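These entries record what I looked up in one structure. I began with charged pairs and then turned to nonpolar packing.

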Amino acid sequence: MMKSFFIWMLIIGAMILAFNVFEHSRDSATKTPLNSFMQLVEEGKIREVKVIGQKIVAFTQDGQKIETAIPLGSSVVDKIMEKGVKVEVSAMDTNSSWLINLFISWLPILLFIGIWIVLMRQMSGGAGNPGGAGRAFSFGKSKAKVYVEEKPDVTFEKVAGIDEVKEEVKELIEYLKDPVKFQKLGGRPPKGVMLYGEPGVGKTLLAKAIAGEAHVPFITVSGSDFVEMFVGVGAARVRDLFETAKKYAPCIVFIDEIDAVGRARGAMNLGGGHDEREQTLNQLLVEMDGFDTSEGIIVIAATNRPDILDPALLRPGRFDRQIFIPKPDVKGRYEILKVHAKNKKLAPDVDLEVIARATPGFTGADLENLLNEAALLAARKGKEEIHMEEIEEAVDRITMGLERKGMAISPKEKEKIAYHEAGHALMGIMTEGADPVHKVSIIPRGMALGVTQQLPIDDKHIYDKKDLIGRILILMGGRAAEEVFYGKEGITTGAENDLQKATELAYRMVSMWGMSEKVGPVAIRRVANPFLGGMTNSVDTSQELLKDIDEEVKKILSEAYSRAVDMVETYKEPLKAVVNKLLEKETISCEELVEVMKLYGVEVKNHCKKEELKHEVEEEKKEVVR
């Protein structure tokens, strides 16, 4: 940084000095008629005279520079010498003087242009650097980062939770280490591997681990680095990227977020055939077709938008292999937690298996963030170790948002919030097969004024109709409690999010999963991009079918709401006791909730999460011992 600063200061100083020198050398002289000049000589005001060809350059006693022309055959010089003025005669002719003046006039400009060109070449990376394309100002030079000596230190030990994917890519590592082994059998490795999955599952980490395991140079670039405002620059950068890869072969080229440049070409492209992004994609297709895998180059790309990629990019001979990286299961989450817990000081009460089971749907990035948040919370409290308390608090913060204890809520509103959350909790513990309730709180978190948290025991990959109806029933519990205790006029806006989720779930049941007898096994909606929670798109269908779908959705929601109201009416008294406990403590656990219900003789149908988690973990440990 300091070196760069001094270079800039030196360049600026040199430019200022050069301009000053040339400005002084080009001091303009005052042109004076010969008569006026001779009068000054007569008056003794001229100190020195220089005769250059047919021109006189004189300096007055006060330092002023004047200039006049001498007529041919004139005796002006003799008259000046008679007056005792110092006279210096130069043999330089007018033509050479003109050339020097011209040179002096243009030299500062030429110097400035030269310095500007040098600076631009330096700022753009220079044409002589390894991998440089040698183009003017190196606009076409790839922005890829090349790791040669400092190869990625990530190995498969640091990549946990995706064992099947690691097995799939091991042959790439074997090929990079010993390509002859495959060539003997006439086989070739895939030219390209496309890694896709939700954000945070470890696509970039896996690519680094492949390079780290193979001990080969790692060239990484983002898809957006190819896109530039100048037409043709993206294609030039693609060419330069593969030229660089050939110099460092065998190596791995990693293109992150390739959807920025690999988006499918279509008729709706307003840019036409000369669109910059389309030219870049065409060049990428050509380059991947052109290089031979015997050179030892393997291209790995990552994206979470595989649905928008151009089909030509995914055909055999380009990205031959597409590997889906899923979210980790219970075992995978446990392995990931072990990796991230190595540099954390965990208290003896921390059980990573319980945490793994309590965090369904978490990606590797989420789990790393979870332990980091827990570490920050423990440090804030002045603790020497991370306890289970901080980890549970971190889970709440990630899943439900930050607590807003300072938010002013009136006693009347707080009571309504308590009844709303108690209604959700009642449905949760009384609905068979529902995800167990973890805790109930009326402390505002994130955008919610209260929270009823459920955490599943096991990862669920498919849901039956009974599970989905149970989820809708739990969502309706809050509004049902409001109606039972405050009447139809007392229902609030607090159920907005519940109704949205319930309605969306019901529509999916009817229009995507074929769970309605009246509509039948018909799917008229599809998810545009499941990896980023994309919107659902409807296909063309008749108005009659749409009307039937609306009627079926309304029927599902109305029946679930009626069941929720009946259940709240049945357990009205124990629910009041739960609300009083909530108003007193603001947050109650599932165990406290069940304890209150049992005081009124209510037989709970859904056990608490912690009991089942500990029971399952202990049973699994016993099986391992056996």
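**Salt bridges.** I counted salt bridges, taking a side-chain nitrogen of Lys or Arg within 4 Å of a carboxyl oxygen of Asp or Glu, and the count came to 23. The model is predicted, so I note that local features need pLDDT of at least 70, that side-chain atom pairs count only at pLDDT 80 or more, and that totals for chains, interfaces and linings use all residues. Residues are numbered from 1 along each chain as its sequence is written, and side-chain values use heavy atoms, with hydrogens and water left out.

**Asp163 and Lys166.** I looked up this pair and found a salt bridge whose closest N and O atoms are 3.8 Å apart. Both residues lie in helix H5 (residues 163-177), three residues apart, about one turn of the helix. I use helices (H or I, at least four residues) and strands (E, at least two) as DSSP runs, numbered from the N terminus. For exposure, I call a residue buried under 20% relative accessible area, exposed over 50%, and partly exposed in between, with a 1.4 Å probe and protein chains only. Asp163 is partly exposed at 38%, while Lys166 is buried at 12%.

**Arg321 and Glu168.** I next noted a salt bridge between these side chains, at 3.9 Å from N to O. Arg321 belongs to strand S11 (residues 321-324) and Glu168 to helix H5, so the pair ties together parts that are 153 residues apart in sequence. Glu168 has a relative accessible area of 36% and is partly exposed.

**Lys327 and Glu198.** Here the side chains meet in a salt bridge of 3.3 Å, N to O. The pair links distant parts of the chain, 129 residues apart: Lys327 is in the loop between S11 and helix H10 (330-340), and Glu198 is in the loop between strand S7 (192-196) and helix H7 (203-214). I recorded both as partly exposed, Lys327 at 35% and Glu198 at 25%.

**A network.** I also found Lys381, Lys383, Glu389, Glu390 and Glu393 linked in a network of salt bridges.

**Nonpolar cores.** I define a core as a set of buried Ala, Val, Leu, Ile, Met, Phe, Trp, Tyr and Cys residues joined through side-chain atoms within 4.5 Å. The largest has 55 residues, and Leu426, Met427, Ile472, Val568 and Leu593 have the most contacts inside it. Two or more residues each come from helix H14 (411-430), strand S12 (437-441), helix H15 (465-486), helix H16 (496-511), helix H17 (543-570), H18 and helix H19 (590-599). Apart from this core lies another, of 28 residues, among them Tyr175, Leu176, Leu195 and Ile323.

**Leu593 and Lys572.** I listed contacts (heavy atoms within 4.5 Å). Not counting residues up to four places away in sequence, Leu593 touches Ala425, Ile429, Val437, Val440, Val578 and Ile588. Lys572 is found in helix H18 (residues 572-585) and is partly exposed at 27%. Leaving aside neighbours within four places in sequence, Lys572 is in contact with Val484 and Phe485. Lys572 and Ala481 are 91 residues apart in sequence and 8.8 Å apart in space, C-alpha to C-alpha.

**Surface patch.** Which residues make the nonpolar surface patch of about 460 Å²? I found Ile109, Phe112, Ile113, Trp116 and Ile117. Patch residues have over 30% relative accessible area and no salt bridge; like charges are joined within 9 Å, and nonpolar side chains (Val, Leu, Ile, Met, Phe, Trp, Tyr) within 5 Å. Accessible areas come from the Shrake-Rupley method with a 1.4 Å probe; for residues, only the protein chains shown count as cover. Phe112 lies in helix H4 (residues 94-123) and is partly exposed at 44%.
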